[in-house]
Structures are given as C-alpha cells and as structure tokens.
Amino acid sequence: MNRRDEIAANLAAVRQRIAAACAAVQRHPDEITLIAVTKTYPASDVVHLAALGVREVGENRDQEAAGKAAEVRAAGADVRWHFVGQLQRNKARSVASYADLVHSVDRPALAAALAEAAAKVRDRPLDVLIQVNLDPTAPEVSDPLHRGGVSPGSVAALAELIGKDEALRLRGVMAVAPVNDDAGAAFARLAAVAAGLRADHPNATVVSAGMSGDLEEAIAHGATHVRVGTALLGKRALLG
C-alpha cells in the first residue's frame, strides 16, 4: 500500500469514528472540524491530506511548521494552518505570518506578543483560542511540568484582554485531557468553561478538544474541532 492509500484508509476510519461519536449524542458530523496534526510528518503527507479533502492542518513547533508551510504552499496545496503547541513569545511573529488559528494562548504576555506581531505581518486579525488547563492539580499559570493553559477561573480575564485588541479575534477555547484523569469528566469541565465564555463573547464558539485516543469523549461534550495525528498518519518518529 502506498502512502496516499494508507492515509486515505486511516482517514476513512477516523471519519467513521467521528460519525459514530456524533450519532451517539445526536450531533451531525458536519459540526466537527477535523484537524490533521502533522508534527514530525513530511510536507508530502500534508499534500496527500489536502488532496483527500483535509484542509485543516495542525503543527506544534514553529521550527518545523514554518518551513513545512512554505513547502506545502510551493506544492500548490491549499490548507489552513493551526498552531496547537506551547508557544514562546519570540516565535510570535513567525507563527502569526502563516497560522490561521493559534490554539494555545495561555497568558497575557503571549497574547500581547501575538497581537503586536499580527498587526505587523497580517492584513486581517489573527484568530486565537484560550488554552484551558483542565488538571485540578496544576498551578494557576502555565508551567513547563504541566500541559499548559490557564485555570478555568482565569479564562474570563484573559478573554477580556484579547477582546480589546483589534489585531486578535477570540474564537473559543482549547484543552488537552489531563494524563491519568477521566477524559469525559475533563471535557465536561471544558464545556462549562466554553459556555461561560460564549455568554460574554458570543462569537467564541470553537471548542478544540479531543485527539486520537479520546475524540469520542470530546465530541460527546461539545467539541467542535478535534486534533488527530497518530490515527491518521501512524506512529510518530521520535524527535532527536
């Protein structure tokens, strides 16, 4: 089986899982946006995905993503780039130049850096999500030892800050289920945070949650976007 056929078979299986998860909670599959997370995979895989109808692509390291975005563009593939990883402020300008949606805004300083960069390198606002830390044992601020993200109680303040900057557009929330915790319970907490955010920011409708191992639980609790890598593209090579 060649690589494109392998990806096509995996894609069909993932779409079947999404459809089944939606049917279980009386949602329509069209409500779910599939983001193919292509970190460590080559640009050629992104081109295959685009040809198969997947146009939303996620990356989590700017060092890899910036070059890959250029390769894919040169190949003529039309995709939207999602930056889904932890982001340092000094990478804000680069990410703002190619990303259509940044999922991992988790502190005021990062929001400010992205806003400054977006104002300089973009002709339209940069869409962003607030990353929420669903681990009840995590510190109040982002910490390298944890998944990242603000505590649920800090979302409103960060949202207010983002909402005041014309260079950014708040689109919703993102989270990763904590390790050694029930994914369904974690995503239920995220659903409550998302509902509270929408009450004050009606256009913040995106709930980015769920990956290869827990997309069903995420969809059951209102996810609008699922971030899938391994189930689509296979086991990742270890980074050196």
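**Reading salt bridges, cores and strands**

Student: Which residue does Glu160 form a salt bridge with?

Tutor: Its partner is Lys164, and their closest N and O atoms are 3.8 Å apart. Glu160 is partly exposed because its relative accessible area is 46%, while Lys164, at 64%, is exposed.

Student: How about Glu64 and Lys68: where do they lie?

Tutor: Both sit in helix H3, which covers residues 62–74. They are four residues apart, and that is about one turn of the helix.

Student: Why do Glu64 and Lys68 count as buried?

Tutor: The cut-off for buried is under 20% relative accessible area. Glu64 is at 19%, so it counts as buried. Lys68 is at 4%, so it counts as buried too.

Student: Which residues are linked in a network of salt bridges?

Tutor: Look for Arg3, Glu6 and Asp45; salt bridges link them in a network.

Student: Now the nonpolar side chains. What's the general idea there?

Tutor: In soluble globular proteins, nonpolar side chains tend to be buried together. Here the largest nonpolar core has 54 residues.

Student: Which members of that core touch the most other members?

Tutor: Val102, Leu114, Ile162 and Leu190. Take Leu114: leaving out residues up to four places away in sequence, it touches Leu87, Ala92, Val102, Val105, Leu126 and Leu168. Apart from this core lies another, of 18 residues, including Val14, Ile18, Ile32 and Val228.

Student: Where does Ile162 lie?

Tutor: In helix H6, residues 155–163. Ile162 has 1% relative accessibility, so it counts as buried. Beyond its neighbours within four places in sequence, Ile162 contacts Val105, Ala111, Val128, Ile130, Leu168 and Leu170. Sequence and space can be read side by side here: Ile162 and Leu129 are 33 residues apart in sequence, and their C-alpha atoms are 9.7 Å apart.

Student: And strands: in what sense do S1 and S8 pair?

Tutor: Strand S1, residues 33–37, and S8 pair in the parallel sense, over four bridges. Ala36 has Val228 in S8 as its bridge partner. Both faces of S8, residues 225–228, are covered: His225 and Arg227 are buried on one side, Val226 and Val228 on the other.

Student: Where does pLDDT stay under 50?

Tutor: Over residues 142–146, for which the model has ten contacts beyond four places in sequence. Where pLDDT is low, the predicted coordinates should not be read in detail. For the chain, the mean pLDDT is 94, and 94% of its residues reach 70 or more.

How values were computed
Residues numbered from 1 in each chain as written. Predicted model: local features only at pLDDT ≥ 70, side-chain atom pairs only at ≥ 80, totals over all residues. Heavy atoms only, no water. Core = buried A, V, L, I, M, F, W, Y, C linked by side-chain atoms within 4.5 Å. Buried < 20%, exposed > 50% of the residue type's maximum accessible area, 1.4 Å probe, protein only. Contact = heavy atoms within 4.5 Å. pLDDT = per-residue confidence, 0-100. Helix = DSSP H or I, 4+ residues; strand = E, 2+ residues; numbered from the N terminus. Salt bridge = Lys/Arg side-chain N within 4 Å of Asp/Glu carboxyl O. Pairing = 2+ DSSP bridges.
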